[in-house]
Amino acid sequence: MKFSSPNNFKDTPEELRPRERLIRTGNPQELSNEDLLAIILKTGFPGCDVWELSHRLLTAFHSLYELVHADARSIEARIAEYNNKRPDRPILRVGPVKLLELQAAFELTRRANVLLDAEFRSKNLKSSSAA
């Protein structure tokens, strides 16, 4: 899904906006990676709405996994590399605050995965020893 507004969602119907879709459905699993990232980023920049910014970031990293596992320096470096290759569609205004917000969200994701892995291993050990 691509939005037509050049720099914000004011002209985009509410039912297409990621935050409003999440409020309406109550289920983040129904949103795309771009939608969820747009909610975290909150804003785009002139000529690039937040959904397009999210799309460009995911394109720069080739996968959500790579983006989630990148540190701030890696994100900055990958953005610079992307901007060199795509000067017509740059990633701009991902400064220190947005980097901190991304890092915090991604760290929560990593911690949740560690907890899930530990819980899974614990259940498997219990079922193995019961057999």
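Accessible areas here come from the Shrake-Rupley method with a 1.4 Å probe, and for residues only the protein chains shown count as cover. On that basis the accessible surface of the protein chain comes to about 8500 Å², of which 56% belongs to carbon and sulfur atoms.

Some ground rules. This is a predicted model, where local features need pLDDT of at least 70 and side-chain atom pairs count only at pLDDT 80 or more, while totals for chains, interfaces and linings use all residues. Residues are numbered from 1 along each chain as its sequence is written, and side-chain values use heavy atoms, with hydrogens and water left out.

The protein chain has six helices and zero strands; these are DSSP runs, helices being H or I of at least four residues and strands E of at least two, numbered from the N terminus.

Now helix H3, residues 50–61. Ten of its twelve residues are buried, among them Trp51, Ser54 and Leu58. After H3 comes histidine 62, with a positive phi near 70 degrees.

Next, glutamate 34, in helix H2. Leaving aside neighbours within four places in sequence, glutamate 34 is in contact with Trp51, Ser54, His55 and Leu58, contact meaning heavy atoms within 4.5 Å. What is the nearest side chain of opposite charge to glutamate 34? That is arginine 21, 9.0 Å away.

Terms used: Expected span 1.5 Å × (residues − 1). Buried < 20%, exposed > 50% of the residue type's maximum accessible area, 1.4 Å probe, protein only. Lys, Arg positive; Asp, Glu negative; His and termini not counted. Salt bridge = Lys/Arg side-chain N within 4 Å of Asp/Glu carboxyl O.
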